[in-house]
Amino acid sequence: MLSLHVAQHRAAQQRTNRKRSASASAGTGTAPKIGLAIAGGGPIGGMYELGALRALDEAIEGLDLTRLDCYVGVSSGAFLAAGLANRMDTAEMCRIFITGDSADVEFRPETFMRPAFLEYLKRATSFPRLAAEWWRELLFSPLEARWSDLITRFGGLIPNGLFDNAQVERFLREVFTRRGRSNDFRELGAKLYVVAVDIDSGDAVRFGGEDWNDVPISQAVQASAALPGLYPPVQIRGRHFVDGALRRTMHASVVLERGVDLLIGINPLVPFNQNHGGAPVAEDNSLAAGGLPAVLSQTFRTLLQSRMQVGLARYAQQYPDIDQLVFEPNAEDRELFFTNAFSFSARQRICEIAYRNTLADLRKRAEALAPVLAAHGLRLREEVLADGERSILDGLSKPQRDTETTARLRRALDDVDHLMAAAPRSKRAPRRQRQAG
(Lines give C-alpha, C1' and ligand atoms only; values in the text may rest on other atoms or scores of the structure.)
Protein backbone atom coordinates (compact mmCIF):
# COMPACT_ATOMS: atom_id res chain seq x y z
CA MET A 1 0.00 0.00 0.00
CA LEU A 2 1.45 3.33 -1.08
CA SER A 3 0.97 6.28 1.24
CA LEU A 4 1.29 9.51 -0.72
CA HIS A 5 1.94 12.50 1.54
CA VAL A 6 2.09 15.53 -0.77
CA ALA A 7 -0.09 18.11 0.95
CA GLN A 8 1.28 20.95 -1.14
CA HIS A 9 2.95 18.99 -3.92
CA ARG A 10 1.56 21.18 -6.70
CA ALA A 11 3.16 24.30 -5.29
CA ALA A 12 6.32 22.37 -4.52
CA GLN A 13 6.28 20.95 -8.03
CA GLN A 14 6.03 24.42 -9.55
CA ARG A 15 8.89 25.66 -7.40
CA THR A 16 11.01 22.65 -8.30
CA ASN A 17 10.26 23.02 -11.99
CA ARG A 18 11.13 26.72 -11.88
CA LYS A 19 14.35 25.91 -10.07
CA ARG A 20 15.20 23.21 -12.58
CA SER A 21 14.46 25.49 -15.52
CA ALA A 22 16.60 28.24 -14.06
CA SER A 23 19.41 25.79 -13.33
CA ALA A 24 19.28 24.30 -16.81
CA SER A 25 19.39 27.72 -18.44
CA ALA A 26 22.33 28.67 -16.28
CA GLY A 27 24.09 25.41 -17.14
CA THR A 28 24.37 24.22 -13.53
CA GLY A 29 22.51 20.90 -13.94
CA THR A 30 21.26 20.90 -10.33
CA ALA A 31 19.55 17.62 -9.42
CA PRO A 32 16.85 17.23 -6.75
CA LYS A 33 17.90 15.68 -3.45
CA ILE A 34 16.31 12.33 -2.62
CA GLY A 35 16.47 10.58 0.74
CA LEU A 36 15.62 7.00 1.72
CA ALA A 37 14.32 5.81 5.11
CA ILE A 38 14.03 2.06 5.76
CA ALA A 39 12.31 0.76 8.88
CA GLY A 40 12.94 -2.53 10.68
CA GLY A 41 10.93 -5.73 10.86
CA GLY A 42 13.17 -8.72 11.48
CA PRO A 43 14.46 -11.02 8.72
CA ILE A 44 11.07 -11.20 6.99
CA GLY A 45 10.69 -7.41 7.15
CA GLY A 46 14.12 -6.99 5.62
CA MET A 47 13.23 -9.33 2.76
CA TYR A 48 9.98 -7.45 2.14
CA GLU A 49 11.93 -4.20 1.98
CA LEU A 50 14.40 -5.69 -0.49
CA GLY A 51 11.55 -6.76 -2.77
CA ALA A 52 9.95 -3.31 -2.58
CA LEU A 53 13.26 -1.58 -3.30
CA ARG A 54 13.89 -3.85 -6.27
CA ALA A 55 10.47 -2.91 -7.69
CA LEU A 56 11.20 0.81 -7.29
CA ASP A 57 14.61 0.35 -8.87
CA GLU A 58 13.11 -1.24 -11.98
CA ALA A 59 9.89 0.77 -12.29
CA ILE A 60 11.13 4.35 -11.78
CA GLU A 61 13.38 5.76 -14.46
CA GLY A 62 15.99 8.21 -13.19
CA LEU A 63 16.05 6.74 -9.67
CA ASP A 64 19.44 5.37 -8.67
CA LEU A 65 19.07 3.93 -5.18
CA THR A 66 22.85 3.70 -4.78
CA ARG A 67 23.41 7.44 -5.33
CA LEU A 68 20.85 9.17 -3.17
CA ASP A 69 21.60 12.19 -1.00
CA CYS A 70 20.89 10.55 2.36
CA TYR A 71 20.04 7.18 3.89
CA VAL A 72 18.69 6.18 7.29
CA GLY A 73 18.22 2.58 8.34
CA VAL A 74 16.72 1.01 11.46
CA SER A 75 17.17 -2.60 12.56
CA SER A 76 16.88 -4.89 9.50
CA GLY A 77 16.49 -1.77 7.35
CA ALA A 78 19.99 -0.73 8.41
CA PHE A 79 21.45 -3.69 6.49
CA LEU A 80 19.87 -2.49 3.25
CA ALA A 81 20.61 1.20 3.83
CA ALA A 82 24.27 0.47 4.54
CA GLY A 83 24.50 -1.71 1.44
CA LEU A 84 22.93 0.90 -0.85
CA ALA A 85 25.11 3.67 0.60
CA ASN A 86 28.09 1.43 -0.22
CA ARG A 87 26.84 1.24 -3.84
CA MET A 88 25.59 -2.35 -3.63
CA ASP A 89 22.53 -2.22 -5.89
CA THR A 90 19.29 -4.12 -5.40
CA ALA A 91 20.22 -6.68 -8.06
CA GLU A 92 23.38 -7.62 -6.19
CA MET A 93 21.54 -7.84 -2.87
CA CYS A 94 18.93 -10.10 -4.49
CA ARG A 95 21.77 -12.37 -5.64
CA ILE A 96 23.14 -12.44 -2.11
CA PHE A 97 19.93 -13.03 -0.15
CA ILE A 98 17.54 -14.60 -2.70
CA THR A 99 19.21 -16.57 -5.48
CA GLY A 100 22.48 -17.21 -3.65
CA ASP A 101 24.57 -16.91 -6.84
CA SER A 102 26.48 -13.76 -5.94
CA ALA A 103 30.09 -13.81 -7.08
CA ASP A 104 31.00 -11.52 -4.19
CA VAL A 105 29.20 -12.48 -0.98
CA GLU A 106 28.20 -15.88 0.39
CA PHE A 107 25.18 -15.56 2.67
CA ARG A 108 24.54 -18.26 5.26
CA PRO A 109 21.36 -17.88 7.36
CA GLU A 110 22.91 -19.87 10.21
CA THR A 111 25.36 -17.01 10.68
CA PHE A 112 22.48 -14.90 12.01
CA MET A 113 20.98 -17.67 14.16
CA ARG A 114 23.99 -19.03 16.02
CA PRO A 115 23.22 -19.58 19.73
CA ALA A 116 24.96 -17.21 22.14
CA PHE A 117 26.81 -19.94 24.06
CA LEU A 118 29.10 -17.50 25.86
CA GLU A 119 26.08 -15.55 27.08
CA TYR A 120 24.47 -18.76 28.35
CA LEU A 121 27.68 -19.75 30.15
CA LYS A 122 28.10 -16.31 31.68
CA ARG A 123 24.60 -16.40 33.14
CA ALA A 124 24.92 -19.98 34.34
CA THR A 125 28.07 -19.29 36.36
CA SER A 126 26.11 -16.96 38.67
CA PHE A 127 23.52 -19.61 39.55
CA PRO A 128 25.42 -21.18 42.52
CA ARG A 129 25.86 -17.81 44.21
CA LEU A 130 22.23 -16.78 43.73
CA ALA A 131 20.96 -20.17 44.91
CA ALA A 132 23.14 -20.02 48.04
CA GLU A 133 21.88 -16.53 48.89
CA TRP A 134 18.29 -17.62 48.42
CA TRP A 135 18.59 -20.71 50.65
CA ARG A 136 20.44 -18.73 53.31
CA GLU A 137 17.63 -16.18 53.40
CA LEU A 138 15.01 -18.93 53.42
CA LEU A 139 16.65 -20.70 56.38
CA PHE A 140 17.56 -17.76 58.58
CA SER A 141 14.89 -15.21 57.60
CA PRO A 142 11.91 -17.30 56.50
CA LEU A 143 9.43 -14.49 57.13
CA GLU A 144 11.24 -12.16 54.74
CA ALA A 145 11.74 -14.73 51.99
CA ARG A 146 8.90 -14.84 49.49
CA TRP A 147 8.40 -17.19 46.59
CA SER A 148 7.32 -14.24 44.47
CA ASP A 149 10.85 -12.85 44.80
CA LEU A 150 12.20 -15.80 42.85
CA ILE A 151 11.49 -14.12 39.51
CA THR A 152 13.31 -10.95 40.52
CA ARG A 153 16.21 -12.75 42.15
CA PHE A 154 16.82 -15.34 39.44
CA GLY A 155 15.78 -13.19 36.47
CA GLY A 156 19.42 -12.35 35.89
CA LEU A 157 20.01 -15.98 34.91
CA ILE A 158 17.95 -15.56 31.74
CA PRO A 159 20.18 -14.66 28.78
CA ASN A 160 19.50 -11.22 27.31
CA GLY A 161 19.75 -12.66 23.82
CA LEU A 162 19.23 -16.07 22.26
CA PHE A 163 21.63 -15.62 19.36
CA ASP A 164 25.17 -14.32 18.96
CA ASN A 165 25.16 -11.09 16.94
CA ALA A 166 28.96 -10.93 16.90
CA GLN A 167 28.71 -13.12 13.81
CA VAL A 168 26.45 -10.51 12.20
CA GLU A 169 29.06 -7.81 12.73
CA ARG A 170 31.82 -10.03 11.35
CA PHE A 171 29.79 -10.80 8.21
CA LEU A 172 29.13 -7.11 7.53
CA ARG A 173 32.72 -6.12 8.24
CA GLU A 174 33.96 -8.57 5.63
CA VAL A 175 31.45 -7.27 3.05
CA PHE A 176 32.22 -3.59 3.66
CA THR A 177 36.01 -3.87 3.60
CA ARG A 178 36.55 -5.17 0.07
CA ARG A 179 35.90 -4.27 -3.58
CA GLY A 180 36.18 -0.55 -2.93
CA ARG A 181 33.47 -0.45 -0.29
CA SER A 182 34.03 1.12 3.13
CA ASN A 183 33.16 0.29 6.72
CA ASP A 184 33.69 3.95 7.66
CA PHE A 185 30.77 6.42 7.64
CA ARG A 186 33.15 9.25 6.80
CA GLU A 187 34.39 7.64 3.57
CA LEU A 188 30.98 7.16 1.95
CA GLY A 189 29.84 9.31 -0.93
CA ALA A 190 26.46 9.98 0.74
CA LYS A 191 25.29 10.50 4.29
CA LEU A 192 24.30 7.30 6.06
CA TYR A 193 22.64 7.17 9.46
CA VAL A 194 22.03 4.01 11.46
CA VAL A 195 19.83 4.45 14.53
CA ALA A 196 20.07 2.45 17.77
CA VAL A 197 18.73 3.01 21.29
CA ASP A 198 20.76 3.19 24.51
CA ILE A 199 19.05 0.61 26.72
CA ASP A 200 20.16 2.37 29.94
CA SER A 201 18.73 5.77 29.03
CA GLY A 202 16.21 5.17 26.26
CA ASP A 203 17.96 7.76 24.07
CA ALA A 204 18.24 7.24 20.33
CA VAL A 205 21.73 7.60 18.84
CA ARG A 206 22.43 8.32 15.18
CA PHE A 207 25.53 6.46 14.16
CA GLY A 208 27.05 8.31 11.23
CA GLY A 209 26.06 11.63 12.75
CA GLU A 210 28.22 14.09 14.64
CA ASP A 211 30.33 12.48 17.40
CA TRP A 212 29.28 8.98 16.29
CA ASN A 213 30.69 8.74 12.76
CA ASP A 214 33.90 6.99 13.87
CA VAL A 215 31.99 3.84 14.86
CA PRO A 216 32.37 1.13 12.17
CA ILE A 217 29.26 0.74 10.03
CA SER A 218 29.19 -2.99 10.72
CA GLN A 219 29.06 -2.38 14.47
CA ALA A 220 26.40 0.31 14.12
CA VAL A 221 24.17 -2.05 12.12
CA GLN A 222 24.79 -4.79 14.67
CA ALA A 223 23.60 -2.44 17.43
CA SER A 224 20.58 -1.19 15.49
CA ALA A 225 19.44 -4.77 14.78
CA ALA A 226 19.88 -6.02 18.36
CA LEU A 227 16.22 -6.89 18.91
CA PRO A 228 15.77 -7.44 22.69
CA GLY A 229 15.34 -11.11 23.46
CA LEU A 230 16.72 -12.21 20.11
CA TYR A 231 20.17 -10.60 20.27
CA PRO A 232 22.07 -9.21 23.27
CA PRO A 233 22.74 -5.46 23.55
CA VAL A 234 25.86 -4.25 21.76
CA GLN A 235 28.43 -2.41 23.85
CA ILE A 236 29.95 0.70 22.23
CA ARG A 237 31.95 3.24 24.24
CA GLY A 238 30.73 1.71 27.48
CA ARG A 239 27.06 2.10 26.50
CA HIS A 240 24.70 -0.74 25.58
CA PHE A 241 22.58 -0.39 22.44
CA VAL A 242 19.53 -2.26 21.17
CA ASP A 243 17.08 -2.09 18.24
CA GLY A 244 16.52 1.46 16.98
CA ALA A 245 12.79 0.85 16.43
CA LEU A 246 12.19 1.12 20.17
CA ARG A 247 11.97 4.90 19.83
CA ARG A 248 10.62 5.42 16.31
CA THR A 249 9.57 3.16 13.50
CA MET A 250 11.39 4.70 10.54
CA HIS A 251 13.25 7.78 11.86
CA ALA A 252 12.29 9.64 8.67
CA SER A 253 13.00 12.96 10.36
CA VAL A 254 16.72 12.22 10.03
CA VAL A 255 16.33 12.47 6.25
CA LEU A 256 13.87 15.34 6.25
CA GLU A 257 16.16 17.50 8.38
CA ARG A 258 18.74 17.42 5.60
CA GLY A 259 16.45 19.42 3.31
CA VAL A 260 15.76 16.76 0.70
CA ASP A 261 13.19 17.33 -2.03
CA LEU A 262 11.74 13.80 -1.95
CA LEU A 263 11.54 11.22 0.83
CA ILE A 264 11.07 7.56 -0.03
CA GLY A 265 10.14 5.39 2.94
CA ILE A 266 9.73 1.62 3.32
CA ASN A 267 7.80 0.15 6.25
CA PRO A 268 7.34 -3.66 6.17
CA LEU A 269 5.06 -4.10 9.20
CA VAL A 270 1.35 -3.26 9.15
CA PRO A 271 -1.51 -4.79 11.19
CA PHE A 272 -3.41 -7.59 9.49
CA ASN A 273 -6.97 -6.74 8.45
CA GLN A 274 -9.13 -9.76 7.70
CA ASN A 275 -12.51 -8.03 8.08
CA HIS A 276 -11.87 -5.35 5.48
CA GLY A 277 -15.55 -5.20 4.57
CA GLY A 278 -16.58 -4.64 8.17
CA ALA A 279 -18.23 -8.05 8.55
CA PRO A 280 -17.64 -9.90 11.83
CA VAL A 281 -14.96 -12.57 11.85
CA ALA A 282 -15.82 -16.12 12.90
CA GLU A 283 -14.39 -17.05 16.28
CA ASP A 284 -12.23 -19.86 14.93
CA ASN A 285 -10.76 -17.47 12.30
CA SER A 286 -10.09 -14.63 14.73
CA LEU A 287 -6.52 -13.68 15.54
CA ALA A 288 -7.39 -14.32 19.17
CA ALA A 289 -7.79 -18.00 18.27
CA GLY A 290 -4.18 -18.02 17.12
CA GLY A 291 -2.96 -17.66 20.67
CA LEU A 292 -0.41 -15.34 22.20
CA PRO A 293 2.00 -15.16 19.21
CA ALA A 294 -0.71 -13.89 16.85
CA VAL A 295 -2.03 -11.39 19.41
CA LEU A 296 1.45 -10.06 20.19
CA SER A 297 2.33 -9.80 16.50
CA GLN A 298 -0.82 -7.83 15.73
CA THR A 299 -0.28 -5.59 18.76
CA PHE A 300 3.34 -4.92 17.82
CA ARG A 301 2.45 -4.12 14.22
CA THR A 302 -0.42 -1.83 15.22
CA LEU A 303 1.76 0.15 17.62
CA LEU A 304 4.55 0.57 15.07
CA GLN A 305 2.29 1.66 12.23
CA SER A 306 0.17 4.06 14.29
CA ARG A 307 3.32 5.69 15.67
CA MET A 308 4.72 6.05 12.16
CA GLN A 309 1.47 7.52 10.80
CA VAL A 310 1.42 10.14 13.54
CA GLY A 311 5.00 11.06 12.69
CA LEU A 312 4.35 11.31 8.95
CA ALA A 313 1.30 13.51 9.51
CA ARG A 314 3.42 15.83 11.63
CA TYR A 315 6.23 15.83 9.09
CA ALA A 316 3.78 16.79 6.31
CA GLN A 317 3.02 19.99 8.25
CA GLN A 318 6.56 20.59 9.41
CA TYR A 319 8.10 20.00 5.96
CA PRO A 320 5.33 21.00 3.52
CA ASP A 321 7.70 21.39 0.56
CA ILE A 322 9.05 17.83 0.79
CA ASP A 323 7.14 15.09 -1.01
CA GLN A 324 6.84 11.86 0.96
CA LEU A 325 6.27 8.47 -0.66
CA VAL A 326 5.92 5.64 1.86
CA PHE A 327 5.46 2.04 0.74
CA GLU A 328 3.86 -0.60 2.99
CA PRO A 329 2.42 -4.12 2.57
CA ASN A 330 -1.24 -4.68 1.89
CA ALA A 331 -3.09 -5.08 5.17
CA GLU A 332 -5.18 -7.98 3.76
CA ASP A 333 -2.13 -10.11 2.92
CA ARG A 334 -2.67 -13.16 5.09
CA GLU A 335 0.42 -15.04 3.96
CA LEU A 336 2.69 -12.17 4.89
CA PHE A 337 1.23 -11.88 8.38
CA PHE A 338 1.39 -15.58 9.24
CA THR A 339 4.90 -16.19 7.93
CA ASN A 340 7.38 -16.75 10.74
CA ALA A 341 8.94 -13.35 11.40
CA PHE A 342 12.37 -14.93 11.91
CA SER A 343 12.29 -17.43 9.05
CA PHE A 344 14.97 -17.23 6.36
CA SER A 345 13.58 -20.10 4.31
CA ALA A 346 10.65 -17.94 3.12
CA ARG A 347 12.81 -15.04 1.96
CA GLN A 348 12.30 -15.51 -1.80
CA ARG A 349 8.51 -15.82 -1.44
CA ILE A 350 8.31 -12.71 0.74
CA CYS A 351 10.54 -10.78 -1.66
CA GLU A 352 8.30 -11.77 -4.54
CA ILE A 353 5.17 -10.65 -2.65
CA ALA A 354 6.77 -7.28 -1.90
CA TYR A 355 7.96 -6.85 -5.48
CA ARG A 356 4.54 -7.49 -7.00
CA ASN A 357 2.67 -5.49 -4.35
CA THR A 358 4.88 -2.47 -4.94
CA LEU A 359 4.48 -2.67 -8.70
CA ALA A 360 0.71 -2.96 -8.22
CA ASP A 361 0.72 0.13 -5.99
CA LEU A 362 2.69 2.10 -8.56
CA ARG A 363 0.35 0.94 -11.31
CA LYS A 364 -2.75 1.87 -9.29
CA ARG A 365 -1.46 5.31 -8.31
CA ALA A 366 0.34 6.09 -11.55
CA GLU A 367 -1.83 9.08 -12.42
CA ALA A 368 -1.26 10.76 -9.04
CA LEU A 369 2.41 9.81 -8.94
CA ALA A 370 3.36 11.06 -12.40
CA PRO A 371 3.46 14.81 -11.59
CA VAL A 372 5.14 14.20 -8.23
CA LEU A 373 7.90 12.11 -9.76
CA ALA A 374 8.26 14.51 -12.70
CA ALA A 375 8.97 17.33 -10.27
CA HIS A 376 12.07 15.42 -9.24
CA GLY A 377 13.22 14.35 -12.69
CA LEU A 378 11.74 10.85 -12.41
CA ARG A 379 9.13 8.94 -14.36
CA LEU A 380 7.41 5.56 -14.25
CA ARG A 381 8.46 2.93 -16.77
CA GLU A 382 5.24 1.92 -18.44
CA GLU A 383 6.72 -1.25 -19.92
CA VAL A 384 7.55 -2.56 -16.44
CA LEU A 385 4.19 -1.67 -14.91
CA ALA A 386 2.30 -3.15 -17.87
CA ASP A 387 3.80 -6.60 -17.27
CA GLY A 388 1.39 -8.09 -14.73
CA GLU A 389 3.29 -11.39 -14.60
CA ARG A 390 6.70 -9.88 -14.00
CA SER A 391 8.81 -11.62 -11.35
CA ILE A 392 11.60 -10.28 -9.19
CA LEU A 393 13.96 -12.74 -10.91
CA ASP A 394 13.20 -11.51 -14.44
CA GLY A 395 15.41 -8.44 -14.28
CA LEU A 396 18.43 -10.14 -12.71
CA SER A 397 21.36 -10.54 -15.07
CA LYS A 398 24.12 -13.07 -14.56
CA PRO A 399 26.61 -12.08 -11.84
CA GLN A 400 29.92 -10.64 -12.95
CA ARG A 401 32.89 -12.78 -11.93
CA ASP A 402 35.29 -9.97 -11.04
CA THR A 403 38.53 -10.17 -9.14
CA GLU A 404 39.20 -7.70 -6.34
CA THR A 405 41.27 -5.55 -8.70
CA THR A 406 38.77 -5.49 -11.55
CA ALA A 407 35.93 -4.79 -9.11
CA ARG A 408 37.76 -1.75 -7.77
CA LEU A 409 38.56 -0.59 -11.31
CA ARG A 410 34.94 -0.99 -12.36
CA ARG A 411 33.86 1.05 -9.34
CA ALA A 412 36.37 3.82 -10.15
CA LEU A 413 35.22 4.00 -13.77
CA ASP A 414 31.62 4.18 -12.60
CA ASP A 415 32.58 7.12 -10.37
CA VAL A 416 34.16 8.89 -13.33
CA ASP A 417 31.06 8.34 -15.48
CA HIS A 418 28.83 9.66 -12.70
CA LEU A 419 30.96 12.78 -12.23
CA MET A 420 30.99 13.45 -15.95
CA ALA A 421 27.22 13.06 -16.17
CA ALA A 422 26.68 15.36 -13.19
CA ALA A 423 29.16 18.01 -14.32
CA PRO A 424 27.62 21.28 -15.64
CA ARG A 425 27.53 21.36 -19.41
CA SER A 426 29.34 24.70 -19.54
CA LYS A 427 32.25 23.24 -17.60
CA ARG A 428 32.64 20.08 -19.66
CA ALA A 429 35.50 19.86 -22.12
CA PRO A 430 34.59 19.75 -25.83
CA ARG A 431 34.03 16.25 -27.17
CA ARG A 432 37.17 16.23 -29.34
CA GLN A 433 39.26 17.50 -26.45
CA ARG A 434 37.98 14.74 -24.14
CA GLN A 435 38.70 12.10 -26.76
CA ALA A 436 42.18 13.44 -27.34
CA GLY A 437 42.85 13.44 -23.64
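Modeller: Before we start, a word on naming: helices (H or I, at least four residues) and strands (E, at least two) are DSSP runs, numbered from the N terminus. With that, glycine 395 is found in the loop between α15 (382-385) and α16 (404-422). This is a predicted model, so local features need pLDDT of at least 70 and side-chain atom pairs count only at pLDDT 80 or more, while totals for chains, interfaces and linings use all residues. Residues are numbered from 1 along each chain as its sequence is written, and side-chain values use heavy atoms, with hydrogens and water left out.

Biologist: Okay, on to helices. Which residues of α14 are buried?

Modeller: In α14 (residues 366-374) they are Leu369, Val372 and Leu373. Looking down the axis of α14, these buried residues fall within an arc of 95°, so they line one face of the helix. The arc is that of the directions from the helix axis to the C-beta atoms.

Biologist: How many cavities of 30 Å³ or more does the structure hold?

Modeller: On a 1 Å grid over the protein atoms alone, a cavity is a set of points where a 1.4 Å probe fits but cannot get out, and lining residues have an atom within 4 Å of a point. Grid points are joined across faces, edges and corners, and a volume is the space filled by probe spheres set on the points. There are 5 such cavities here.

Biologist: What lines the largest cavity?

Modeller: It has 22 lining residues, with Gly42, Pro43, Ser76, Phe79 and Phe112 nearest its centre. Helix α2 gives the most, 4 residues.

Biologist: And the second largest cavity: which helices each supply at least two residues of its lining?

Modeller: Those are α3, α4 (90-99) and α8 (166-175). Among the lining residues are Phe79, Met88 and Phe171.

Methods:
On a 1 Å grid over the protein atoms alone, a cavity is a set of points where a 1.4 Å probe fits but cannot get out, and a pocket is an open set with protein on both sides within 12 Å along at least five of seven lines; lining residues have an atom within 4 Å of a point. Buried means under 20% relative accessible area, exposed over 50%, partly exposed in between (1.4 Å probe, protein chains only).
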